[in-house]
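Please look at the structure shown here.

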Amino acid sequence: MRAGKIVLCLLLLVLATFVPVQAADIDRQGLVGIWCAGDDAERRDSFAAMLSQVESADEPTRQWVQSVLSAYREGDLFCTAETAFRPAGEAYENVLTGERVDALPADANAPFLNIPLRRALEPVSRAVTLVVSPEAAERLGAADGLSRSLGVVPPALIEELYATEPDARVRSALEQVLVGVWLASGDPADQQRAIAALAADPTRQNLTTLERFVDGAEGSLSPSVEAAADEALSKVKLTVQASDILTVLYHGLSYGSVLFLAALGLAVIFGLMGVINLAQAEFVMIGAYVTWFVQEALKVVAPDLLDAYIFIAIPFAFLGPALVGVLMEWGVVRHLYHRPLLTLLATWAVSLLLINIVRVSIGTQNLSFYTPEYLKSGFTVFSEFAITWTRLLSIFFAALALVGTLFVLYRTRFGLRVRATTQNRRMSGCVGVSTRRTDSMAFAFGSGLAGIAGLALSNIYNVNPTMGTSLIIDSFIVVVVGGVGSVLGTAVAALGIGELNAFIEPQYGAVASKVIVLLAVILFIQQKPNGLFPPKGRR
Amino acid sequence: MRRRSFLKAVGVSGAAMSAPGIILPAWSQDTVKVGCLFSSSGAMANIEGRLNYVVQMAAQEINRNGGVLGRQIEVVTTDPGSDWPLYGQQGRQLIQEERVAATFGCWTSASRKAVLPVVEENDSLLYYPLHFEGEENSANVVYMNSPPASSVLPALEYLMSDNGGKARRFYMLGSDYVWPRTINDQLKGYWQQEYGIEPDAWREQYVPVGHADFQSLVNDIKRFADESGEQPIVVLTVVGNSIPNFFQEYINQGISALDVPVLGLDVVEADLEGLDTEPLVGHLNCWAYLQNAPGERNQQFLDAWASYVNENDVPFRPDVSIDPMVSTYDGVHMWAMAAEKAGSFDVPEVRSAFPGISFACPSGYDIKLTADNNYVHRGVFIGSVNRNQGFDIVWQSPETTVPVPYSPYI
């Protein structure tokens, strides 16, 4: 073991003396050989050596290094015994000869990179991009990731790049990379610069860096640096705390929107019509499955529109469950309107039936959804407050559903009939409202809303036949707390429960938060048995 | 009138349905029953459900070669619906009413604990195909998979080594039941005793079984990672559908395996089915079998499963194979071997035939039972998520390991 290390050191020494002599030229074949078949230590050393050469290399070589390195990092470099291939459009390019082939040779496979190797490769690849790329946006992306770890990249190289970088945003990103070096330098001017850079980007990571710097220095700092550090520290801390609070609020909002979407259909069916529909959550599941069918159909019929499948699926995700809802109302529920207990049992049976039909016909596996590029990850608002697109989409759908439902109920003839029938069934019958048809339509409407919930949840949760079962209890709680029959009440209750959950969960864990929320709901119902917005008048 | 004819119809069909039950004892001389206790509904359905078919596939193989002691195996399946107490209840039915010679079943430890008293009081046999927390050694259970000392600890040792990325801080996230809690207790003891790591280097969180919304918790992992410079990892012991839900949120919040790798102790190939695994590349798991295990035997098993799925219209993917499937498959074969060796289906005699039984497992190892305990000696694999919803093998043990049922770290 030790002997091996010594030999390795000697080898490195020999290499180190050799390298500068032929610095201008990169041994492409040797590099590919090591990347494909070398052991971890060889590969790691080759990264550093290559980085030192790339600066002085000619333009084609630089481009070659960047493209092959990024293919290697992404696991797209397919090695054979003599050479390696990288994807180029539909075909593959031999990275040594530039030749193109349509299919990979049978023995080609991508070498496995373990985590330490990828951690070593990541900064090197970013540094190469910084050196090589003419695009400011690409350089910015590369610089952003470097602040986590420099790996084997020499800080001197970054300082050099910083000095010559023309783009202001890339410069400020590079400052973040250099703070570690500057803080450790002992030079007050550098330390001041580092502190200013840290204060300019108040993340938790930078807060930790600052805290450690202040704690570790213990009086060895010049007074001006210390004052600046203390000031920056308190400012960063405040910003991070503010962003934490906003994050919790946002999480509550997004969880509340999920609850609201799941409960809205129920608010219409249970709230307005008084039918306890235990199959409600299965309409959510059906909505998600319809969305999936739309996605699969688009893949075949119009692959160009695939990116927009979520929006194209909206009418289908509404109409599919609505149709099932009409059938269910016609076949089961209408016979049991005045027998709540039997409705409960019958709808439960329907729920089991729906689950099992889906299970038998499609299977129990989780469905695979395509995530369009615009929904991947998200963006940082400030400090630690980040928003993910999928959650934002669910909030958007919740808002849409709320506005849409309020509009339908209060601004259309159909809504008028529904409200009239709810308030006094016989009286509305007398003035010419077809209560039978209204019931049926209202049931379809509620089912369709659940379908929209399924659509919105398909990118957040897994879609499988039993996805609805976990939602049904929460939905009932939301509707009851909100006040039976009140759409606005449902929204407020969903938001309240969502926020309560988001506040408790990080503190006491998910199990405790369930318990505490349920306790709070019990106490609330005891105080206000009719919920937040009780229906006015006699029922 | 209508009612009467209805009753008549019910009576006739009822008699027709019970007829095989009357005839059964006449030809049951030629068959032997085994039971399955795997859920086809509820939170565990997606992963547990397929094990029913594996038992049938293995039984079919054995039957084709003449059965066990000249009798054909008949598989009785149940559906305990991911409801832990129901496993005990249906296990009792299998043993007392169906008179099964052995039962293959359970995924979670909570369900095994529910069946344990049942098999013990009836002196029956349960073949349990999952790796679990250990701390148990019943004469009535054959533990087909590894206790933590021979599965989880090698994986952690790897992650804490230079080669694995020197993990020193740990975020333990688990479903709230016996397996995650016991495993985490053992791990804390292990870190403290072997590495001298202080309790402020870890955080422990539990979620209810079936929990789906991991937003706040993944955000908490982010915070945990940024609080110190040392390398953090997540030790994930959530089960069932919580696993893909967790990974979905991990992707959405943009945490990569380079920043905070996840060691998913219950994560199998099937959990990745619905996910885009590109952003998940590098997360790890550890099992006694991975689908990419090298060797001819694994290929045979994969082919057998694919053709079984296609021939019988099984509602699971023909090209996905997971450790518990192989462990169940091994279990059926090892039970048949033990019965053959004992020359009887009586549990005490089958049990006394256990020591020395060895089976050529698809994982490539020759797995065996010894006289020490009812734990099968298995090999260990550490896998790393790849882009094709599978696992690349990062490391595998040179030989089968000796199982240690009771952890020294509690």
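Q: What do the buried residues of α6(A) pack against?
A: In this predicted model, the buried residues of α6(A) pack against α5 (115-132) and α8 (168-185) of chain A.

Q: Which residues of helix α6 of chain A are called buried, and what makes them so?
A: A residue is called buried if 20 or more other C-beta atoms lie within 10 Å of its own. In α6, which covers residues 136-146 of chain A, the residues that are buried are Arg139(A), Ala142(A), Ala143(A) and Leu146(A).

Q: Why are the buried residues of α6(A) said to line one face of the helix?
A: Seen down the axis of α6(A), the buried residues fall within an arc of 100°, and therefore they line one face. An α-helix has 3.6 residues a turn, so residues three or four places apart point the same way.

Q: How do you know what radius of gyration a compact globule with the 410 residues of chain B would have, and what does chain B have?
A: The globule rule is 2.2 Å times the number of residues to the power 0.38. For 410 residues this gives a value near 22 Å, and chain B has 22 Å, so the two agree. The C-alpha trace of chain B spans about 75 × 60 × 40 Å along its principal axes, and 55% of its residues count as buried.

Q: What does the globule rule give for chain A, and what radius of gyration does chain A have?
A: A compact globule of 539 residues would have a radius of gyration near 24 Å, but chain A has 31 Å. The C-alpha atoms of chain A fill a box of roughly 100 × 65 × 45 Å along the principal axes, and 40% of the residues of chain A count as buried.

Q: Which domains are assigned in chain A, and what separates their centres?
A: The domain assignment gives domain 1 (18-132) and domain 2 (252-469). Taken over C-alpha atoms, 51 Å separate the centres of domain 1 and domain 2 of chain A.

Q: How many residues does the contact take from each chain, and what makes a pair of residues count as being in contact?
A: Two residues are in contact if their C-beta atoms lie within 7 Å. The contact takes 47 residues from chain B and 38 residues from chain A. On the side of chain B that touches chain A, α7(B) gives the most, with 7 residues. The residues of that side of chain B divide into 14 nonpolar, 21 polar and 12 charged.

Terms used
Residues are numbered from 1 along each chain as its sequence is written. Chains are lettered from A and ligands numbered from 1 in the order in which they are written. This is a predicted model: local features need pLDDT of at least 70, side-chain atom pairs count only at pLDDT 80 or more; totals for chains, interfaces and linings use all residues. A residue is buried if 20 or more other C-beta atoms lie within 10 Å of its own, exposed if 12 or fewer, and partly exposed in between; C-beta atoms are placed from the backbone. Helices (H or I, at least four residues) and strands (E, at least two) are DSSP runs, numbered from the N terminus. The arc is that of the directions from the helix axis to the C-beta atoms. Ala, Val, Leu, Ile, Met, Phe, Trp, Tyr, Cys and Pro count as nonpolar, Asp, Glu, Lys and Arg as charged, and the others, Gly among them, as polar. Domain bounds come from an automatic or database domain assignment.
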